[in-house]
Amino acid sequence: MISFSVMALVFGVVFLAELPDKTALAGLVLGTRYRASYVFAGVAAAFAVHVALAVAAGSVLTLLPQQIVHAVTGVLFLGGAAVLLMKKGEDEEEVREPANQGFWKVSGVGFMLILIAEFGDLTQIMTANLAARYDDPLSVGLGAVLALWAVAGLGIVGGKALMKRVPLSLITKVAALLMLGLGIWSLYEAVAG
């Protein structure tokens with residue numbers, strides 16, 4: 001059974017944390033050079049792999065006593081908030097252009113770029129934390145993958161327009177505040193539980 005409240009919470013947190021990330025900029029760069037649907041196919045597949053790995057790792061954490069899980073996730077959320085608040089602006093990374101514009105070449109470049117760039121990334125760690133916290137792998141996985149796909153879609157199709165309207169620093173601060181709140185709540189539950 002899917003919990004829409006858990007899915008919505010995960011979507012919001014992961015979406016906001018991923019917007020200022022370098023992979024959103026990489027998607028934007030790829031989207032300006034290649035057919036958007038090809039880029040999205042590769043990027044979406046890579047994000048699905050990352051979410052599956054994160055949810056699996058988070059599900060293993062649920063085997064620990066709840067107080068320990070709350071304490072660990074609280075500390076990790078606070079660390080994630082600190083990382084977002086201390087983050088400097090990131091430049092666009094160099095992207096190798098495939099020799100041709102075919103589906104497999106373009107989607108393969110998108111897949112490999114995201115697969116490598118996102119491994120161990122903040123949103124992957126957050127997804128594992130959320131999977132451990134809520135013990136609902138399906139809802140957490142769906143919320144996270146939909147958020148990552150939404151950011152990828154925005155980056156590929158309309159990233160420049162969004163960044164002109166909403167300052168990146170504001171998006172980063174909102175994501176950090178959400179993570180700070182989740183961290184404090186998790187630590188409170190660890191102490192009170």
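Author: Start with one cut-off. Buried means under 20% relative accessible area, and exposed means over 50%. This model is predicted. G141 has a relative accessible area of 11%, so it counts as buried. G141 lies in helix α7, residues 137–165.

Reader: Which residues is G141 in contact with, leaving aside neighbours within four places in sequence?

Author: V51 and V55 are its contacts on that count. Both of these residues are on the list of buried residues of α3.

Reader: How far apart are G141 and F11, in sequence and in space?

Author: Read the two distances separately. Along the sequence, 130 residues separate G141 from F11. From C-alpha to C-alpha, the gap is 9.4 Å.

Reader: What share of the contacts with a separation of 6 or more joins residues 24 or more positions apart?

Author: The share is 93%. As for burial, 45% of the 193 residues count as buried. The chain exposes about 9,700 Å², and carbon and sulfur atoms supply 70% of that area.

Reader: Which residues of α1 are buried?

Author: V6, M7, V10, V13, V14, F15, L16, A17 and E18. Note that the list includes an acidic residue, E18. In α3, the buried residues include Y38, F47, H50, V51, A54 and V55.

Reader: Where is T127, and is T127 buried or exposed?

Author: T127 is in helix α6, residues 122–134. Its relative accessible area is 1%, so it is buried. Beyond its neighbours within four places in sequence, T127 is in contact with V14, V51, A54, V55, V140 and A144. V14 is a buried residue of α1. V51, A54 and V55 are buried residues of α3.

Reader: How many salt bridges does a search of the whole structure find?

Author: One. The side chains of R133 and E189 meet at 2.5 Å, N to O. R133 is at 9% relative accessibility and counts as buried. E189 has a relative accessible area of 23%, so it is partly exposed.

Reader: How many aromatic pairs does the search find?

Author: Four. Take the pair of Y38 and F103 as one of them. Read the centre distance, then the angle. The centres are 5.2 Å apart, the planes are at 90°, and the pair is edge-to-face. Y38 is in helix α3 and F103 in helix α5, residues 103–118, so the pair ties together parts 65 residues apart in sequence.

Reader: What other pair does F103 form, with W104?

Author: F103 and W104 are also edge-to-face, at 4.9 Å centre to centre and 80° between the planes. Y38, F103 and W104 form one aromatic cluster. Y38 is among the buried residues of α3. F103 is partly exposed at 31%. W104 is exposed at 72% relative accessibility.

Reader: Which residues make the nonpolar surface patch?

Author: L64, I68, V72, L76 and I125 make a patch of about 380 Å². Helix α4, residues 66–86, gives the largest share, three residues. I125 comes from helix α6. I125 counts as partly exposed, at 37% relative accessibility. Helix α6 also holds T127, which is buried at 1%.

Conventions:
Residues are numbered from 1 along each chain as its sequence is written. Side-chain values use heavy atoms; hydrogens and water are left out. Helices (H or I, at least four residues) and strands (E, at least two) are DSSP runs, numbered from the N terminus. Buried means under 20% relative accessible area, exposed over 50%, partly exposed in between (1.4 Å probe, protein chains only). Contact means heavy atoms within 4.5 Å. Patches are made of residues with over 30% relative accessible area and no salt bridge: like charges are joined within 9 Å, nonpolar side chains (Val, Leu, Ile, Met, Phe, Trp, Tyr) within 5 Å. Accessible areas come from the Shrake-Rupley method with a 1.4 Å probe; for residues, only the protein chains shown count as cover. A salt bridge is a side-chain nitrogen of Lys or Arg within 4 Å of a carboxyl oxygen of Asp or Glu. Rings of Phe, Tyr and Trp (its six-membered ring) pair if their centres lie within 6.5 Å; planes under 30 degrees apart count as stacked, over 60 as edge-to-face and the rest as tilted.
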